[in-house]
Amino acid sequence: MNRKKAVFLDRDGTIVVHEPYLSSPDQLKLLPNAIEGIRLFKESGYLVIVITNQSGIARGFFDEERLTLIHKKLMSILKDEGIEIDDIYYCPHHAEGIVEPYKVDCDCRKPKPKMLLNAAKQHNIDLTQSLMIGDSEVDMLAGKNAGCTCVLIKNDCNNTSIAPIVDTDYVVKDLLEAAKIFT
Ligand SMILES: [Mg+2]
Ligand SMILES: [Zn+2]
């Protein structure tokens, strides 16, 4: 069977407005053109998979049950738009966390590529045909480490106010602009 292509999406600052340690489904606010961009990727045959660091769990700001509720809400918002996300992978860990058993220096937190590699295995994905899209350097590094093409989202709504990011192949303002390049 032919391997599939995927677009891996960071969550905060890429699909939804970045809220520090977003801990309630009611805080979810989609970024401009996110739905339109995801729709275009889906229509063009990409799997759409969310890859997100959620160290708020290790830090004790919310638990996995709460995160599941948040992700259910995100999926239902998208479903109302006729879009189905193929999967969501998250890393709940942080070495400086306070909650066991999440207080570990894990092998899945971005910039490590483990979540993308797991997704590739589980969904039969060709990483060299796939994209990592995100708003921070760890997203770009995780994508590079997995062998994907990397797209940085840079706009007024996200936290890309940091120093220039080198490991990126494209810079766009939102998911729709990204989708138009690759579809
Ligand atoms: Mg982000
Ligand atoms: Zn982890």
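Mentor: Start with terms. Helices (H or I, at least four residues) and strands (E, at least two) are DSSP runs, numbered from the N terminus. Two strands pair if DSSP finds at least two bridges between them. This is a predicted model, in which local features need pLDDT of at least 70, side-chain atom pairs count only at pLDDT 80 or more, and totals for chains, interfaces and linings use all residues. Residues are numbered from 1 along each chain as its sequence is written, while chains are lettered from A and ligands numbered from 1 in the order in which they are written.

Now the sheet. Six strands form an open sheet, ordered E3-E2-E1-E4-E5-E6, and the pairing is parallel. The edges belong to E3 (87–91) and E6 (170–172). Each of these has a single partner strand, so one of its sides has no neighbour in the sheet. From one strand to the next, the twist averages 20°. Such angles run from 0 to 180 degrees between N-to-C directions, with axes as lines fitted to C-alpha atoms, for helices over the stretch in contact.

Take the E6 side. E5 (residues 149–153) runs parallel to E6, and three bridges join them. Val151 has Tyr170 as its bridge partner in E6. Leu152 faces Val171, also in E6.

How enclosed is E5 by the rest of the structure? Largely, because four of its five residues are buried. Buried means 20 or more other C-beta atoms within 10 Å of a residue's own; 12 or fewer is exposed, in between is partly exposed, and C-beta atoms are placed from the backbone.

On its other pairing, E5 joins E4 in the parallel sense over four bridges. Here Met132 stands opposite Cys150 in E5. The chain gets from E4 to E5 through H4, in a right-handed β-α-β crossover. Right-handed means that, with the strands pointing away from the viewer, the path from the first strand over the helix to the second runs clockwise.

H4 (residues 137–146) also packs on the sheet. This helix touches E1 (6–9), E4 (131–134) and E5. Its direction makes about 170° with that of E4. Contact requires C-beta atoms, placed from the backbone, to lie within 7 Å.

Now the E3 side. E2 and E3 pair in the parallel sense over five bridges. One of the bridged pairs is Thr52 with Tyr90 in E3. E2, H2 (residues 64–80) and E3 make a β-α-β unit that is right-handed.

Finally, the nonpolar core. Such a core is a set of buried Ala, Val, Leu, Ile, Met, Phe, Trp, Tyr and Cys residues joined through C-beta atoms within 7 Å. The largest one here has 42 residues. Val7, Phe8, Leu116, Met132 and Ile133 touch the most other members. E2 (residues 47–53) gives this core its largest share, five residues.

Val7 deserves a separate look. Beyond its neighbours within four places in sequence, Val7 contacts Phe41, Tyr46, Val48, Ser130, Leu131 and Ile133. As background, nonpolar side chains tend to be buried together in soluble globular proteins.

Definitions and conventions:
Contact = placed C-beta atoms within 7 Å.
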